[in-house]
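Here's a quick briefing to read with the model open in your viewer. We'll go through the ligand site, then the domains, then the salt bridges.

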Amino acid sequence: MKSLIIGGAGFVGGYLIGHLKDNLGHEVAVTKLETETIPAEGVEVYDLNIMVKEDIIGLLEEVHPDYIFHLAAQSSVAVCWRNPQLTIDVNIKGAVNVLEALRELDYKPRVLLIGSGEEYGHILPGELPISENNNIRPGSIYAATKVCQNFFGKIYADAYQLDVMMVRAFNHIGPNQAPLFVVADFCKQVAEIEAGKKDAVIQVGNLSARRDFTDVRDVVRAYGLLMEKGKAGETYNVGSGHAIAIEDILHMILKNSNAQVNVKVDSQKLRPVDVPIIEADISKLSKETGWQPGIPLEQTIRETLDYWRNKQE
Ligand code: A2R
């Protein structure tokens, strides 16, 4: 089995490469931007910018994968407010370029488009946990671009019989995540305080927002299972099924540290629109693939904090 990961130099890509190669025994090809590096050994690495459709076609013809995981994206909600144009270009136009390239191929690989739990946006009381056929009310530019990708995936699957599935991944966390994301950000700040590199003040955004956090290693296991067992044209939630307040995450991190830390709300970290609670209904994924999350949140947080401590040395 040959797998291609488009956008494999990021957080999820690193874990997905390892899972496909070491646990599932796949031959793995990965794309990255010219400016990025992929340290993994035993994989084919290609440069690809998904803004250039012809390059995607050329690559797919050369690599000839059975499975394609489309991870390439502007993946940060915080960045989408600062750079909506880039977010729209990469996440919508880039995704359509991938779908158009697939349409021109003379064979039909299985494809997983990675979207986000943020797509559901403003969830009404009584809609939790949120299932795949719920109304979509995106609350950010990032979320709206992922909704578009999801719609285009479904349209291309139906109109051209492409073997495309869509995922809505809820917050995933773990070592090596960029500190643009909340858990990595808090762990990095605490590690810096412990190392004496920063005043004993942790800057936070909206602590009351409740989100559904899953270890990235569980997430990539779900992606592998979906390739084996998922159905074309369908969307699958990938999450833990439990929402937790960012404030509780902060307490879990601080419980693992002896540092005396003051918490300060930083208005820069408050977003123009925040969605109060997001929690996944994961029954569709579990029923069709047998997947369940396995790694407890406390373990992920401990390991993420240790990762940032090691980076201080
Ligand atoms: O933005 P960069 O320089 O970190 O590069 C990202 C890359 N990327 C692109 N690849 C090809 N053509 C482009 N025009 C392009 N623009 C950005 O996609 C990065 O290396 C990769 C995405 O990785 P991360 O940002 O680390 O996202 P993560 O956490 O691995 O999430 C994977 C997927 C994304 O679609 C998220 O929106 C979703 O899961 O949650």
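A backbone N or O atom of F11 sits 2.9 Å from an oxygen atom of the ligand, a polar contact (a pair of N or O atoms within 3.5 Å; within protein, one must be able to donate a hydrogen and the other to accept it, and residues adjacent in sequence count only if both atoms are side-chain atoms). Keep in mind that this is a predicted model: local features need pLDDT of at least 70, side-chain atom pairs count only at pLDDT 80 or more, and totals for chains, interfaces and linings use all residues. Residues are numbered from 1 along each chain as its sequence is written, and side-chain values use heavy atoms, with hydrogens and water left out.

**Ligand site**
- V12 also uses its backbone, with a polar atom 2.8 Å from an oxygen atom of the ligand.
- K146 comes in with its side chain, placing a polar atom 2.8 Å from a ligand oxygen.
- In total, 20 residues surround the ligand, counting any with a heavy atom within 4 Å of it; V12, E36, S75, Y142 and K146 are the closest.

**Two domains**
- The chain splits into domain 1 (2-172 + 213-238) and domain 2 (177-211 + 243-276 + 296-311), with bounds from an automatic or database domain assignment.
- Their C-alpha centres are 27 Å apart.
- Contact (heavy atoms within 4.5 Å) involves 17 residues of domain 1 and 16 residues of domain 2.
- About 1400 Å² is buried between the domains, 64% of it on carbon and sulfur atoms; that's the accessible area (1.4 Å probe) the two parts lose on being put together, summed over both.
- On the domain 1 side, F11, W81 and F213 lose the most area to domain 2, together 40% of what that side buries.

**Polar and charged links between the domains**
- Three residue pairs are in polar contact across the interface, both residues at pLDDT 80 or more.
- Helix α3 (residues 77-82) gives the most to the domain 1 side, with five residues; helices here are DSSP runs (H or I, at least four residues) and strands are E runs of at least two, numbered from the N terminus.
- The domain pair has two salt bridges, each a side-chain nitrogen of Lys or Arg within 4 Å of a carboxyl oxygen of Asp or Glu.

**Salt bridges overall**
- The whole structure holds 20 salt bridges.
- R211 and E118 form one of them, at 3.8 Å from N to O.
- K2 and E44 form another, at 3.0 Å from N to O.
- That pair links distant parts of the chain, with K2 in strand β1 (residues 2-6) and E44 in strand β3 (residues 44-47), 42 residues apart.
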